Amino acid sequence: MKFLLSFESSPGYSDTKQIVLHKENLFPKLQTIESKYKTEHFPPKDIRKLSKMLLAQHTPSYPNLREKYSITTLDFFKGVTCPACFALPMLRERSRWTCPQCNHFSTDAHLFTLHDFAILIKCNPTISEIQDFLQLPSRYITYRLLAKSPYPRIDSKRYQIVSQEKLY
Ligand SMILES: [Zn+2]
């Protein structure tokens, strides 16, 4: 699953850049660590064993980030994030999303934004909340997008984007 939420540090919190690692910097960071620590402390057989054990016991974590960092819904930028350049909002034109920054277009960029919304704000939003967060021009377009989405409708107004058990 891809996460496309954009993060920006508030003014005065420059330490964030030393703690948060953006995904595009992950591979170079791993290469730096690999070149820094060359001595092997475990034989390859033990590493494979440990790797299998870690993979077998992996469970995804969905901590309540809003509570943990005292974030309110007002702290989130609304709109669909561009999967190519992470700018927002993308514009809904001719049944697709277009990025005014890089001209990338997508037919499903809203699914990633909806997933982020569910993880960070509400796992079973109403149609109005979805329309508002995705900045869609009409309820009809919102209905149409949701009808084509993999998310089930749980009653007349709400959709289940992520199940509650997966969140906390
Ligand atoms: Zn873009």
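Leaving aside residues up to four places away in sequence, Thr142 touches Ile127, Ile130, Gln131 and Leu136, where contact means heavy atoms within 4.5 Å. The model behind this is a predicted one, in which local features need pLDDT of at least 70 and side-chain atom pairs count only at pLDDT 80 or more, while totals for chains, interfaces and linings use all residues. Residues are numbered from 1 along each chain as its sequence is written, and side-chain values use heavy atoms, with hydrogens and water left out.

Thr142 sits in helix 7, residues 139-148; helices (H or I, at least four residues) and strands (E, at least two) are DSSP runs, numbered from the N terminus. With a relative accessibility of 1%, Thr142 counts as buried, since buried means under 20% relative accessible area, exposed over 50%, and partly exposed in between (1.4 Å probe, protein chains only). A polar atom of the Thr142 side chain lies 2.8 Å from the backbone oxygen of Ser138. For a polar contact, a pair of N or O atoms has to be within 3.5 Å; within protein, one must be able to donate a hydrogen and the other to accept it, and residues adjacent in sequence count only if both atoms are side-chain atoms. Ser138 turns up again at the start of helix 7, where one of its side-chain oxygens reaches to within 3.4 Å of the backbone nitrogen of Tyr140.

Now for helix 7 as a whole. Its buried residues are Ile141, Thr142, Leu145 and Leu146. Seen down the helix axis, these buried residues fall within an arc of 130 degrees, so they line one face of helix 7; the arc is that of the directions from the helix axis to the C-beta atoms. Turned away from that buried side is a face with the exposed residues Tyr140, Ala147 and Lys148. The cover over the buried residues of helix 7 includes strand 1, strand 2, helix 5 (109-120) and helix 6 (127-134).

Helix 6 has its own buried set: Ile127, Ile130, Gln131, Phe133 and Leu134. Strand 2, helix 5 and helix 7 are included in what covers them. Just after helix 6, Gln135 takes a positive phi of about 60 degrees.

What about aromatic pairs? Rings of Phe, Tyr and Trp (its six-membered ring) pair if their centres lie within 6.5 Å; planes under 30 degrees apart count as stacked, over 60 as edge-to-face and the rest as tilted. By this rule the count is one aromatic pair. Phe117 and Phe133 make up this tilted pair, at 4.7 Å centre to centre and 55 degrees between the planes. The pair links distant parts of the chain, with Phe117 in helix 5 and Phe133 in helix 6, 16 residues apart. Phe117 counts as buried at 6% relative accessibility, and Phe133 is buried too, with a relative accessible area of 8%.

The loop between helix 5 and helix 6 holds Asn124. At 17% relative accessibility, Asn124 counts as buried. Not counting residues up to four places away in sequence, Asn124 touches Ile154, Arg158, Tyr159 and Gln160.

Finally, the metal site. Cys82, Cys85, Cys99 and Cys102 coordinate the zinc ion through their SG atoms at 2.3 Å; donors are N, O and S atoms within 2.8 Å of the metal (3.2 Å for Na, K and Ca), and water is not among the atoms, so sites may look incomplete. In sequence, the donor residues are spaced C-x2-C-x13-C-x2-C. Both Cys82 and Cys99 are buried.
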